[in-house]
Amino acid sequence: MDIAVLFSNLVGLFLLIGVGFFAVRMNVLPIQAAKPMSALLMKITVPATVVSSMLRPFDPAFLRLGLSILAVGTVLFALFAALSLGLAPLCRVPRGRRGMWCCCATFCNNSFMGFPVALAVLGEEGLALTVILAIPFNLMAYSIGARMVCMDADGAGAAPAASWKRALFSTINLATLVGTVLYITQLPVPEAVQTPLRHLSNVTTPLSMIITGMNLSQGSLADVVRDRDAFTASAMRLLLFPLIAWGVMRCIPGLDGLVMGAALLNMSMPAPAAATLMGEEYGGNVQIGSRLIFLSSLLCVATIPLISLLL
């Protein structure tokens with residue numbers, strides 16, 4: 001991979017984060033606009049990006065790549081979950097924070113930041129593989145991740161069951177299903193439909209980065225730098241787990257370089273924004289979740305280029 005091109009693309013993405021940050025700080029946009037913009041992103045533009053990325057000629061080789069990244073993602077997320085649960089006591093994370101700490105260390109910001117970064121660095125085929133990687137992410141984040149978040153609630157033994165319906169029937173999963181059907185069957189999609197899909201897809205990258213910058217503008221750096229747990233989980237999410245992922249994938253014989261690149265980039269993403277949403281729903285510690293998302297999103301500006309050197 002051309003390192004100069006990679007860094008150029010990443011710098012461009014992070015400049016878009018700066019646009020969102022200063023748009024709020026200079027009162028060009030109210031921070032309240034981030035919520036409806038996020039809904040537009042997750043429910044309209046990202047699904048359009050998913051479907052658009054799958055409108056390609058059928059290639060059995062790509063199907064094999066998709067199955068490979070599906071298996072790799074399932075193994076890695078399960079491994080990270082086990083490691084985070086084991087490392088939390090060693091990192092002296094107190095009860096009441098441990099569940100959210102584990103969730104944010106285990107899972108990554110797959111669709112919100114993973115999709116645009118994969119598209120910028122690896123192109124359409126890398127994006128399509130990242131879309132497939134979102135399947136095990138969604139299934140495990142809203143099941144295992146939700147269970148982790150429940151650990152912080154009062155009376156952890158009475159934690160509510162995670163919603164499998166939400167995990168299975170997310171908008172992104174449904175878009176992935178539609179895109180996969182269109183890809184396998186090669187049903188013709190009229191140009192009148194493909195054109196708006198492409199336009200919406202083109203919005204996803206700048207919109208996601210701008211929203212990330214808007215959310216970063218609200219974080220209190222003074223509170224975050226005093227929170228040791230936020231630093232330990234961010235170090236695991238951004239450095240330790242991506243390095244473990246790289247080591248595991250290097251041990252898999254015959255693993256395609258594109259699969260490895262797409263998986264490694266996604267495993268290098270910051271903590272998922274969905275963690276705080278699950279915290280609200282299941283009684284988790286939203287404060288540590290918000291600090292973790294803020295800190296890891298800030299630090300990933302430096303760590304993603306470093307991890308990218310392994311590609």
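User: Which helices each supply at least two residues to the lining of the second largest pocket?

Analyst: Keep in mind that this is a predicted model. For the second largest pocket, the helices that each give at least two lining residues are α3 (60-90), α5 and α7.

User: And which helix gives the most there?

Analyst: That's α7, with 6 residues in the lining of the second largest pocket.

User: What's the volume of the second largest pocket, and which residues lie nearest its centre?

Analyst: The volume is about 280 Å³. There are 16 lining residues, and L70, I132, I135, T176 and T180 lie nearest the centre.

User: How does that lining divide into nonpolar, polar and charged?

Analyst: The lining of the second largest pocket has 12 nonpolar residues, 4 polar ones and no charged ones.

User: OK, now the largest pocket. How much space lies in it?

Analyst: About 1400 Å³. It is lined by 41 residues, and the closest to the centre are S38, A273, A274, T276 and L277.

User: Which elements give two or more residues to that lining?

Analyst: They are α2 (34-53), α5 (110-150), α7 (171-185), α8 (191-216), α9 (221-225), α12 (274-282) and α13 (286-308). The largest share comes from α5, which gives 7 residues.

User: What about the classes of residue in the lining of the largest pocket?

Analyst: By class, that lining has 20 nonpolar, 15 polar and 6 charged residues.

User: Switching to helix packing. What numbers describe a packed pair?

Analyst: Two packed helices are described by the angle between their axes and the distance between those axes.

User: So what are the angle and distance for α10 and α11?

Analyst: Helix α10 (residues 228-250) and helix α11 (residues 257-267) pack at about 160 degrees, and their axes are 9 Å apart. Because of that angle, α10 is roughly antiparallel to α11. Their crossing is right-handed.

User: Which residues make the contact of α10 with α11?

Analyst: On the α10 side you have R237, P242, A245, W246, M249 and R250, and on the α11 side M260, A263, L264 and M267. By class, that contact has 8 nonpolar residues, no polar ones and 2 charged ones.

User: How do α4 and α10 cross?

Analyst: The axes of helix α4 (residues 98-106) and α10 come within 8 Å and cross at roughly 25 degrees. The two helices are therefore roughly parallel to each other. The crossing of α4 and α10 is right-handed.

User: Which residues of α4 and α10 meet?

Analyst: From α4 it's W101, C104, A105 and T106, and from α10 it's D229, T232, A233, M236, R237 and F241. The contact of α4 with α10 has 6 nonpolar, 2 polar and 2 charged residues.

User: Last pair: are α2 and α5 roughly parallel or roughly antiparallel?

Analyst: Their axes come within 12 Å and cross at roughly 10 degrees. That angle is why α2 counts as roughly parallel to α5.

User: And which residues meet there?

Analyst: In α2 they are S38, L41, M42, V46, T49, V50 and S53, and in α5 they are S111, F112, F115, E124, L127, A128 and V131. By class, the contact of α2 with α5 has 9 nonpolar, 4 polar and 1 charged.

Methods. Residues numbered from 1 in each chain as written. Predicted model: local features only at pLDDT ≥ 70, side-chain atom pairs only at ≥ 80, totals over all residues. Heavy atoms only, no water. Axes fitted to C-alpha atoms, helices over the stretch in contact; angles between N-to-C directions. Helix = DSSP H or I, 4+ residues; strand = E, 2+ residues; numbered from the N terminus. Parallel < 35°, antiparallel > 145°, perpendicular 65-115°, else oblique. Left-handed = near helix turned anticlockwise from the far one by under 90°. Contact = heavy atoms within 4.5 Å. Nonpolar A, V, L, I, M, F, W, Y, C, P; charged D, E, K, R; others polar. 1 Å grid on protein atoms, 1.4 Å probe; cavity = no way out; pocket = protein on both sides within 12 Å on 5 of 7 lines; lining within 4 Å. Points joined across faces, edges and corners; volume = space filled by probe spheres on them.
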